[in-house]
Each structure stands twice: as C-alpha cells, then as structure tokens.
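Subject: Structure handover and notes

Dear colleague,

I am passing on the structure we spoke about, together with my notes on it. Please look it over before reading on.

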Amino acid sequence: MTSIYETRVLNAVIFAPLFFAALVMFLPKNEKGQIRGVTLAGMLVNLATCVWAWTRFMPRSVDEFQLEYRLRWIDELGISYHIGVDGLAMTLVLLTGVLGPLVVLASWTFVDERVKEFHLALLVLQTAMLGAICSLDVLLFYVFFEAMLIPMYLLIGVWGSEERQMAATKFFLYTLVGSLLLLVALLAVYFLAAPAGQRSFDYATLYNGLMSLNREVAQCTAAGNCSAASAGAAALFRWGPLMFLAFSFAFAIKVPMFPVHTWLPDAHVQAPVAGSMILAGVMLKMGTFGFWRFAVPLFPVAARQYQVPISLLAVIGIVYGALMCLAQKDIKKLIAYSSVSHLGYCMLGMFAFTGEGATGSAYQMLNHGVSTGALFLLFGFLYERRHARLMADYGGIAKVMPVFTAFFLIVTFSSIAVPGTNGFVGEFLVLLGTFKSSLPVAFGVFAATGVVLGAAYMLWMVQKVFFGTVTHQENLGLKDLGLREVLAAVPLILLIAVMGLRPQPFLDLLNPSTDRYLARAQYASGKAEAASEDERVRVTVIQLPPKLVVAQAAPAELPTPRFLPVGRVVPAAAAALNPQTP
C-alpha cells in the first residue's frame, strides 16, 4: 500500500527550492556568503528529495504514473493540482536535481552583483522546471511552463554579457508566441475531449476522451471519406492537424528546431554560466518532453501525417547546426549551435516511431543535458579567468591547465559520441531506429553525417584552444581548476562514464515510457486489435479526493418574548398572533 510519504514526495521535490527561496528573501543582501550557502543547501536538499523519489519509483510497476498526488483546485473548470512521474519524467527530475547544486557552485564567484536576486531566480526556476516535468494536469503544466520564462529572462537580461537585453527579449518573445498558440490549442482540446459538465484539464481525461475520436478519424481517413463521421470526429478531422501544429510550433521553439532556433545562440552567448547550464541541461528538454507527452499522443493521426516533414526538419537541424559550428570563431556560440544539432537527433528518433529510435531519443535528452551542460560549465570556468570567447584568444591552454584540459577532452568525447561515452549510446540508437523506420533511407544517411561533422568541429576547437604554443602572454598566468570547480565538474564526468559504460539501468527506467509512447503514436494505425490497443494506451490515474461537505446546523428557533415593545412585531410573534385557518 502506498504510504502518505510516497504520495507527497513530489511535493517536496517541487517546492523545496521555493522554501529555501523564502529563506533567502529574509537574508540581508550584503551577506553574499550566507545567500550562496543557503541556496547551495536548498539545491542539495532538492537533490536529496529527487533521489528519494527515484528510490520509491518502480520501473517494472504496471502503473504508468507513480508517486501521484491529486488535490482539488478549481472544480468548476475541471482544474486540479495533479502531479506524478513516469520513467522519462523521473530521469528528467534526477537530471534537474543533479544540475541544481552544480549551477550554484559554478556561479559562486562569477556573479558578484545582485547576488540575492540571482539566487532567488535560480531557486524559483528550479521549482518551475520540476513542476512542469511532474504535472499531470495540462493547465498546471502550462502554468509551470510559463513560470520558467520570467526567472530565465532575468538571468539573461540582468547577469548576461554586453548584449544581454537583446538576447533576453528575443528569448522571451519567441517563447511567448509559442506559448500563446499552445494555450489556444489546449482550450480547443479541453472543449473537444469531453461533453459539458464532464470537462477537465487532467491529462487522463483529455487523452481518454480523444481516443474514440482519434480511432474514428483514423478509420475514415483510411477509407478516404469522413462525411459520415460523428460531430466530434468531424471536428477533430478538421481542426486536429491545426491543433497538432500549434502544439508542435510551441514545443519546436523550446527544443529549438530549425528554423525557429535563432533565439538560442544569442541566449547562450549572452547568458551567464548558470543560465547556459540550465538552458541546455533542462529547459530545452521541455520542448522534446512536450512532444513526447502531449503533441504526439493527443494527435496520433496528425503526428503520422506530419512524420516526414518534422523528421526532415530534424535532419536539416542536425546538418545545419554542425555546419554552423564549423563556421564559428566564438567558443560559446559553437557550443550553442551544437545543441541545435544534438537535439535534432532527439526529434528524429522520436518521429521515427520505432523502439530503438524512441529509446535513443529519450536517452539523448539526458545525454545532452549532461554533456552540453558540462561544456558550458567548463567554458564558464575559463571565461571567468580570461573574459574572452574567441578561439583566437587562446592556444596552448593544456600546458598551463592540465586538469581542466583532461576534463574538457572527456566531455568532448561524449559530445562527439565516442564509444564508451553516453553520447554514443543515444546517437547509435537514434540512427538504428531511423534506418529501421518507414522514413527515407536518406534521412538516416544525412543524420549520420552529423556525427562526422560533430567530430570535426569539436576536435578543431580543441586543437585551436588547448594545443600548440601559448600565443598570448595572458594565458601563461591562468590557474588550473580549484577544489570548488573540480567538485562541480566531477559529477558530470562520472555520469558521462556511467551512462556510456553501464546504460542498462537508465534504459530499464525509460523502456516502459518508450513502449507506451510508441503505442500511442501508432494508435488506430491498424497494427493492433482495437480492444487490446485501447486497454494498452488508456491513461489510468488516481481519482480526485471526495469533496468536503460541510454540514450546516439548522438555525435555532428563537423563543417568543413575553412582552413586545410597542410598534415592533417579530415574525414568530406575528405568526402566533395571526394564526391562519386551514
């Protein structure tokens, strides 16, 4: 039987950072050491709660969502506070929890102005990201999804580099446009999925309500005639593709996919090291996670119709991002464009609609958070020493910073998918799934060139920055990594090795989610018997707690006074004085 602690562990995961943010608010703004210490303690507590949730999660359970907690919120609109995790969400929760303390350590000396506000933004952002990952009410997801914008906008716009205002505004506007389209599509699904009086924003209600409509649309589309479809199916047939495109556009901006990626290089280049780590490590996964959880399962027919165009954009993103990296002179911008390329693999594997592709896509989400987050972390240490981003400003760094060079080389090998690192597992599965899918073989061939180009631009950058002679005298005085910096980098180095050499525990955590994702993506495609397919894909969650009924005591009958003031008659006395005859 589930204990009360298990049902509330995700509340601790989500709101522990917010609790410590409240503590930071009461600290004097000049006590920078205390502010940093309390924030680090809050992130460590948050990591502990994430690990606690992971220990209570059972990958082999028949329940899709675990550690659920559900509370009535706005009954009239069908909105509830409903949280829970499946395998993919659990791994993203762990990734977010691991990155939290590392972000604080990375910024320990980098940010020295408005320290209190900076750490408040980090803690609030941590809560918003974890809330979005754990949400099982779609409107609750949207609230957390939007809540991430403000602290990230501040991180870039206040503590960023020289063009921070431009980058922050661009980030905010791109994401806001996508979010507004997402809200319109959410409302359309809300009205379509259930009749009046039964409507709810809960994920289970929306998905299960659309199941019969999706099957009817799939059947009439295959027959080539939807004129006899029911009213709901006709509406889904007409507006479903547009709703899917609205979801897709909003999440594609967040990934980001080509051609709506142009905000990302500016945001990464201008953001402080903490902003770049969080953006690459977690926030970009909100786009891929949104496709996985909402866009594809809610609209499987439209997803299959747009499989080739979206996969084509993913392949273009892979090759285009790699070619842009080869053209860069700015190290941070090179790492930013590598994100466009690497996340293209996530999208390609997801829309291959094969077991290997989907598993590789989920694994690549984690890989990118670890590897690219580590690249931004390490370059942040170097930038803090030299305040220079151009490759031409370096050269021969390995001679003066051997420990830093060793760490950076390990992360580079992960980024270019060298066997034995985490990057190899994800990209190999994605390419294998692509070649086994119904997509054109050329898609897999061009995606494979991204691996070659990735090795080219990363090794070229490493050669220019770390090897050769020291061409700038300023670089001779650079200090190697200190204890704090080593402590921040080692966890990511260990994850690269563990995920590369021992991927099976992570795959076991992801496989149930992958199987359900594939079943929902292929729903009503004719590959399975209808009854068994419905049973397999149906979303089952805990029920809402019963309404609290407050018993109202009947008003006590006032005694009739024996003497009444002149001119005043109370109702009870009036009835006694003027009895009605039947």
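This is a predicted model: local features need pLDDT of at least 70, side-chain atom pairs count only at pLDDT 80 or more; totals for chains, interfaces and linings use all residues.

Residues are numbered from 1 along each chain as its sequence is written, and side-chain values use heavy atoms, with hydrogens and water left out.

Helix packing

Helices (H or I, at least four residues) and strands (E, at least two) are DSSP runs numbered from the N terminus. Axes are lines fitted to C-alpha atoms, for helices over the stretch in contact, with angles from 0 to 180 degrees between N-to-C directions.

The contact (heavy atoms within 4.5 Å) is made by Glu427, Leu431, Thr434 and Phe435 of α19 and, on the α20 side, by Val441, Phe443, Gly444, Val445, Ala447, Ala448 and Val451.

Helices α8 (residues 203-223) and α9 (residues 231-254) pack at an angle of about 70 degrees, with their axes 9 Å apart, and are therefore roughly perpendicular to each other. Leu213, Asn214, Glu216, Val217 and Thr221 of α8 make this contact with Gly232, Ala233, Leu236 and Phe237 of α9.

In α6 (residues 149-159), the buried residues are Leu149, Pro151, Met152, Leu155, Ile156, Gly157 and Trp159, where buried means under 20% relative accessible area, exposed over 50% and partly exposed in between (1.4 Å probe, protein chains only). These buried residues of α6 pack against α4 (115-134), α5 (138-147), α7 (164-193), α9, α10 (263-270) and α11 (273-283).

Arg389 sits in the loop between α16 (355-386) and α17 (397-400), and is buried at a relative accessible area of 15%. Its side chain is joined to that of Glu162 by a polar contact of 3.4 Å and to that of Asp330 by one of 2.8 Å; a polar contact is a pair of N or O atoms within 3.5 Å, of which, within protein, one must be able to donate a hydrogen and the other to accept it, and residues adjacent in sequence count only if both atoms are side-chain atoms. Leaving aside neighbours within four places in sequence, the residues in contact with Arg389 include Val269, Gln270, Phe379 and Tyr383.

Leu71, in strand β1 (residues 66-74), is partly exposed, with a relative accessible area of 39%. The C-alpha atoms of Leu71 and Gln543 are separated by 9.5 Å, although the two are 472 residues apart along the chain.

Backbone features

Most residues other than glycine have a negative phi, and most peptide bonds are trans. The peptide bond from Val255 to Pro256 is cis, with omega near -5 degrees, and a cis peptide bond also joins Phe258 and Pro259, with omega about 5 degrees. Both Pro256 and Pro259 are in the loop between α9 and α10.

Ala417, in the loop between α18 (402-415) and α19, has a positive phi of about 65 degrees and counts as buried at 10% relative accessibility. Ala524, in the loop between α22 (504-521) and α23 (530-537), has a positive phi of about 60 degrees and is buried, with a relative accessible area of 12%.

Terms used:
Angles under 35 degrees count as roughly parallel, over 145 as roughly antiparallel, 65 to 115 as roughly perpendicular and the rest as oblique.
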